Amino acid sequence: MTRSFLPATCFAMAMMASGMVHASPWDAIVSSTPGSNHYHSLQAALQAAPEQGKPWRILIQNGVWHERLVITKPVTLVGESRENTIIEANTPAGALDAAGKKLGTFRTSTVEVAASGVTLENLTVRNSFDFPANSALPADDPNKLKDTQAVALMVGENIDKARFRKVRLEGYQDTFYSKNGSRSYFTDCEISGHVDFIFGGGIAVFDRCTIIARNRSDIAPPLGYITAPSTPDDKPYGLIFMHSHLTKEPGVPAGSFALGRPWHPTTTFADGRYADPHAIGTAVFIQCQIDEHIYGWDKMSGKDKQGEQVWFYPEDSRFYEMNNTGPGAGHGGEHYQLAPELASHYQLHAIFSGWDAALFD
């Protein structure tokens with residue numbers, strides 16, 4: 001399953017001696033080789049972690065680990081290298097479960113963070129569903145899926161203190177899902193996708209990250225949307241990008257991606273099932289470098305109480321820019337520029353009130 005360049009024990013000792021990791025020893029090592037505290041799967045290492053107590057640190061050796069994880073304990077997962085330690089699953093929304101029912105978007109995640117205080121470092125999380133290959137199939141091909149959402153990472157509802165350092169998230173449509181009530185902080189990470197690939201109603205801050213728009217040839221521009229926030233209207237924060245770089249794969253044309261569009265999830269209410277009117281998306285880009293593929297913001301549709309299509313517009317959302325640079329910056333105009341009186345609210349200590357300062361290191 002895996003290939004390693006050093007025996008796990010030697011690698012852990014070398015990293016500790018070099019000061020690359022915390023001084024505490026690894027509680028578990030995920031490896032294809034035998035050894036003390038070694039586990040042959042991530043799932044086994046997670047099951048061995050205590051429900052509470054001291055932080056449980058897991059080293060994952062290089063390799064492609066074909067597993068789907070639901071992390072229910074406050075653990076730290078550290079990869080041997082971001083490029084070669086890969087957690088991967090091929091789970092599109094249109095795939096069928098054991099009962100013959102479609103997974104749907106919310107059951108596609110390769111990794112689901114379902115506990116507060118979880119940290120991921122120095123690894124890749126990938127949903128390997130091949131969107132381009134699926135799109136290339138003829139329309140009448142029985143193998144062609146219509147539901148192509150495929151989440152790599154999901155932070156669950158009301159999950160707090162989810163921390164990601166030097167993590168790569170790979171997908172196409174719906175790569176990262178931040179559920180309502182969650183708070184997560186990303187630093188020096190890389191996230192790739194095209195349609196709504198950073199989405200949801202939770203709070204997620206991307207600091208010094210690289211956001212990569214992926215190319216596609218199956219449609220004419222617009223090719224995609226960086227964000228699709230569904231922030232509850234009583235929450236001040238949503239998807240926030242600071243000091244980050246919005247870039248693109250080769251071949252992505254200028255003016256082919258929007259910074260975001262407002263997602264009003266179809267929700268069941270006492271009087272019916274329709275687009276949530278209380279989801280007033282928040283997406284903010286502060287001091288980011290924005291390349292030429294960005295054209296501004298866009299609209300998104302939903303269904304009303306009668307089941308008819310309605311449109312939601314970016315000017316009615318909480319979409320802001322501030323002090324961005326590059327050819328893709330500022331195309332929305334003055335309406336989307338963050339007012340000076342609001343700018344002071346976008347500080348880490350305000351967004352993450354109650355977090356231990358060490359989580360910002």
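Q: Which residues touch the most other members of the largest nonpolar core?
A: A nonpolar core is a set of buried Ala, Val, Leu, Ile, Met, Phe, Trp, Tyr and Cys residues joined through side-chain atoms within 4.5 Å. Buried means under 20% relative accessible area, with exposed over 50% and partly exposed in between (1.4 Å probe, protein chains only). Here the largest core has 58 residues, and Leu77, Phe164 and Phe186 touch the most other members. Strand S11 (residues 162-170) gives the largest share of this core, four residues. Strands are DSSP runs of E, at least two residues, and helices are runs of H or I, at least four, numbered from the N terminus. A second, separate core of 17 residues includes Tyr185, Ile203, Val284 and Leu338.
This is a predicted model, in which local features need pLDDT of at least 70, side-chain atom pairs count only at pLDDT 80 or more, and totals for chains, interfaces and linings use all residues. Residues are numbered from 1 along each chain as its sequence is written, and side-chain values use heavy atoms, with hydrogens and water left out.

Q: What is Leu77 in contact with, leaving aside its neighbours within four places in sequence?
A: Contact means heavy atoms within 4.5 Å. By that rule the partners of Leu77 include Leu42, Leu46, Ile58, Ile60 and Thr119.

Q: How many aromatic pairs are there?
A: Rings of Phe, Tyr and Trp (its six-membered ring) pair if their centres lie within 6.5 Å; planes under 30 degrees apart count as stacked, over 60 as edge-to-face and the rest as tilted. The count is 21 aromatic pairs. Tyr177 and Trp263 make an edge-to-face pair, 6.3 Å centre to centre with 65° between the planes. Tyr177 is in strand S12 (residues 176-178) and Trp263 in the loop between strand S21 (257-260) and strand S22 (266-269), so this pair ties together parts 86 residues apart in sequence. Both Tyr177 and Trp263 are buried.

Q: Why does the pair of Phe352 and Trp355 count as stacked?
A: The ring centres of Phe352 and Trp355 are 4.3 Å apart and the planes lie at 25°, so the pair is stacked. Phe352 is buried at 1% relative accessibility, and Trp355 is buried at 8%.

Q: How many disulfides does the structure hold?
A: A disulfide is a pair of cysteine sulfur atoms within 2.5 Å. The structure holds zero. The cysteine sulfur closest to that of Cys189 is in Cys209, at 4.7 Å, which is too far for a bond. Cys189 is buried at 3% relative accessibility, and Cys209 is buried at 1%.
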